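This report covers charge pairs, the sheet and the helix packing. Please keep the structure open while reading.

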Amino acid sequence: MIKRIKFLFLRLRLRKELKKSNRKIKIVPNKKLSVGLLIDSKFDLNDSFIQKLAMNLELSKERFDITVYNKNNFKTFNVNLISIEDVGLFGKLPLFINKFLNRRFDLLFNLHYNNPLLSLLSSLSKSNFRIGLIQADKRLNDLIINLSPENLKFIDESVKYLNIIFKK
């Protein structure tokens, strides 16, 4: 019952944030990218996913900041682990997530479906360009990919479109 109340307040806060959002897309040179990932543990993603993404974007692993909902499948990467239990009764976010929210990302991968907590984190983040999944709220993302992140072609498709957008 308390989880439902927390999710309700998160959805209300997300709706409010999306209404007042006036985000503009900023495109930066490819070599200096900082990348954030918001990952739902429903997807069975692990270190190899991030390593392949880093290789395809030609970035070092240090350029990535990862926040995972519920369950951590990553062994070699430092991740922020967040769950609904970390959220206050009225949707107050925990203090440890502020580091992620205050970091400016050139790219933010929203690898979740309509998870209110991860959607709110995405909306509150200081990201220049957001990439998400087709099933997620369309207002959150600048580029929408119609593949599951578990699909081997997901990274290739994402990078292909990023190269077109960034005119690499």
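## Salt bridges

The model, which is predicted, holds 5 salt bridges. One of them pairs lysine 52 with aspartate 156. Their closest N and O atoms lie 3.9 Å apart. The cut-off for a salt bridge is 4 Å.

This pair links distant parts of the chain. Lysine 52 sits in helix α2, and aspartate 156 sits in helix α5. The two are 104 residues apart.

## Helices α2 and α5

Helix α2 spans residues 47-57, and helix α5 spans residues 153-165. Their axes come within 10 Å and cross at roughly 25°. Angles under 35 degrees count as roughly parallel, so α2 and α5 are roughly parallel to each other. Their crossing is right-handed.

On the α2 side, the contact is made by Phe49, Lys52, Leu53, Asn56 and Leu57. On the α5 side, Phe154, Ile155, Asp156, Val159 and Leu162 meet them. By class, the residues of this contact divide into 7 nonpolar, 1 polar and 2 charged. Lys52 and Asp156, the salt-bridge partners, are both part of this contact.

## The sheet

An open sheet of 6 strands runs in the order β3-β2-β1-β5-β7-β8. The pairing is parallel. Which strands stand at the edges? They are β3 (79-82) and β8 (143-145). Each has a single partner strand, so one side of each is left without a neighbour in the sheet. From one strand to the next, the twist averages 15°.

Strand β5 covers residues 107-111, and strand β7 covers residues 130-133. These two run parallel and are joined by 3 bridges. Phenylalanine 109 stands opposite isoleucine 131 in β7.

## Helices on the sheet

## Helices α1 and α4

A further helix pair is formed by α1 (residues 2-20) and α4 (residues 116-124). They pack at an angle of about 30°, with their axes 9 Å apart. That angle makes α1 roughly parallel to α4. What is the handedness of the crossing, left-handed or right-handed? Helix α1 passes α4 in a left-handed crossing.

From α1, the contact residues are Phe7, Leu10, Arg11, Arg13, Leu14, Glu17 and Leu18. From α4, they are Pro116, Leu117, Ser119, Leu120, Ser123 and Leu124. This contact of α1 with α4 has 8 nonpolar, 2 polar and 3 charged residues.

Terms used:
Residues numbered from 1 in each chain as written. Predicted model: local features only at pLDDT ≥ 70, side-chain atom pairs only at ≥ 80, totals over all residues. Heavy atoms only, no water. Axes fitted to C-alpha atoms, helices over the stretch in contact; angles between N-to-C directions. Helix = DSSP H or I, 4+ residues; strand = E, 2+ residues; numbered from the N terminus. Parallel < 35°, antiparallel > 145°, perpendicular 65-115°, else oblique. Left-handed = near helix turned anticlockwise from the far one by under 90°. Contact = heavy atoms within 4.5 Å. Nonpolar A, V, L, I, M, F, W, Y, C, P; charged D, E, K, R; others polar. Pairing = 2+ DSSP bridges. Salt bridge = Lys/Arg side-chain N within 4 Å of Asp/Glu carboxyl O.
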